[in-house]
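Dear colleague,

Please find below the sequence and the structure that I am handing over to you. My notes on the model follow directly after them.

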Amino acid sequence: MSLASSTEIPAGTAGPAGGLLLVGPQQYPSLERERALAEEFGLDFVVAPDRKAFRATIPEATVVMVTPYAPVEAQDFAAMKKCIAVVRYGIGYDNIDVTAARTKGVPVAIVPGAATEEVASHALTMGLLLARRIPAGQSAIEAGQWAGSVGMDTPRFSQLDVAVVGMGRIGRQVARWYAALGTNVRAYDPFATFDSVPAAPLKELLEQSDVVSLHLPLSATTRNLMSAEVIGRMRHRSVLVNVSRGGLVDEAALADALRSGHLAGAGLDTFTTEPLPADHVLRCVPNLVMTPHVAWRSDLAMDALQEAVVLRARQALTGRPLSDLVT
């Protein structure tokens, strides 16, 4: 779906009368770009402090800017009176009901590529940290112990077998970096074609890799891809890295695999429920490195992301086709 045929709206004027620019719950240091856009088009500017306020404001919004911290569900699209576009901060849109958006006739745009290098470097760093058993070494010292058996099962770096699952922008970058470092990299993607590294079936990669790095979108087919059964097939003492979407991994099964020692470690930047609940099963398992969904951040990425979101909102407000439409 595109706004290419929409009525042109002169720059500096609002769309529907009494319009409103809505930003979901967020943690950005500044929203001056978004505020300036609202002022330019004569829109009220509302930053929702939480999910409840976000949902309550959606019916009156002209443009909705969505963050990872609140969903836009079927009931929200049904309630929309004036919305001409939903724009997602980032590439993932699993918290937006795109089927409902299509039914309502509201275009949804995303922002791919704003933090490819950041997320890829986060995944690479986590993988190397875990492969070298650094978290286990730190835990031993914190427990008043010393080396013991830490690191005795670590693969030699030149013989490290790495599986990159998902070869989009980020996965391709991760694969290139691992290959450049001299590891044995193979990849799997059911849709993308690639020739930068050898391809292999997913089952083979899981059973024959020391590092499994996930770079897939969350969908009905990928949810809980890393189930208890799948994790059980992974090479003994391998490690799992997920900087994509929390729903890809059965977190209880992962916790069991870490406690039993079947997996030597895991690195997660995303979780099924965010923020991570205080009593979550992953909070007290060994050899787990966790970061709070910050893989995309850097001194440049945030500015690039917000600039791209504002650009797409401007496109909608001026009747131009939206970049990177999902629907």
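Over how many bridges do S9 and strand S10 (residues 263–268) pair, and in which sense? S9 and S10 pair in the parallel sense, over five bridges. Here two strands count as paired if DSSP finds at least two bridges between them. Helices (H or I, at least four residues) and strands (E, at least two) are DSSP runs, numbered from the N terminus.

Before the details, some remarks on the basis of these notes. This is a predicted model, in which local features need pLDDT of at least 70 and side-chain atom pairs count only at pLDDT 80 or more, whereas totals for chains, interfaces and linings use all residues. Residues are numbered from 1 along each chain as its sequence is written, and side-chain values use heavy atoms, with hydrogens and water left out.

Confidence

The average pLDDT (the predictor's confidence in each residue, from 0 to 100) of the protein is 93, and 94% of the residues score at least 70. Residues 1–17 have a pLDDT below 50; beyond near neighbours in sequence, this stretch has 39 contacts in the model (heavy atoms within 4.5 Å). Where pLDDT is low, the predicted coordinates should not be read in detail.

Strand S9 (residues 238–242) is largely enclosed by the rest of the structure, because five of its five residues are buried. Buried means under 20% relative accessible area, exposed over 50%, and partly exposed in between (1.4 Å probe, protein chains only). From S9, Ser238, Leu240 and Asn242 point one way, while Val239 and Val241 point the other way. Towards S10, Val239 stands opposite Gly265. S9 also runs parallel to strand S8 (residues 211–214), to which four bridges join it; Val212 has Leu240 of S9 as its bridge partner.

Two right-handed β-α-β units involve S9. One consists of S8, helix H9 (residues 228–233) and S9; another consists of S9, helix H10 (residues 251–260) and S10. A crossover is right-handed if, with the strands pointing away from the viewer, the path from the first strand over the helix to the second runs clockwise.

Within S8 lies Ser213, which is buried at a relative accessible area of 0%. Leaving aside residues up to four places away in sequence, Ser213 touches Ala123, Ala163, Val164, Val165, Val174 and Val241.

The five-stranded sheet

An open sheet of five strands has the order S2-S1-S3-S4-S5, with parallel pairing. Its edge strands are S2 (44–47) and S5 (108–109), each of which pairs on one side only. Strand S1 (residues 20–23) pairs with S3 in the parallel sense over three bridges, and Val23 stands opposite Met65 of S3. Strand S3 (residues 63–66) is in turn joined by four bridges to strand S4 (residues 85–88), and these two run parallel. The bridge partners in S4 are Val86 for Val64 and Arg88 for Val66. S3, helix H3 (residues 74–79) and S4 form a right-handed β-α-β unit.

Which residues of S3 point one way, and which the other? Val63 and Met65 share one direction, Val64 and Val66 take the other, and all are buried.

Not counting residues up to four places away in sequence, Val108 touches Phe77, Val86, Ile96, Ala101, Asp324, Leu325, Val326 and Thr327. The C-alpha atoms of Val108 and Leu124 are separated by 31 Å, although these residues are 16 apart along the chain.

Nonpolar cores

A nonpolar core is a set of buried Ala, Val, Leu, Ile, Met, Phe, Trp, Tyr and Cys residues joined through side-chain atoms within 4.5 Å. The largest has 49 residues, of which Leu21, Leu37, Met65, Tyr89 and Val164 touch the most other members. Helix H11 (residues 301–317) provides the largest share of this core, eight residues. Apart from this core lies another of 30 residues, among them Ala163, Leu206, Val212 and Ala266. Leu37 touches Leu21, Met65, Val310, Ala313, Arg314 and Leu317, again not counting residues up to four places away in sequence.

Cysteines

The structure holds zero disulfides (pairs of cysteine sulfur atoms within 2.5 Å). Cys83 is buried, at 11% relative accessibility, whereas Cys284 is exposed, with a relative accessible area of 61%.

With kind regards
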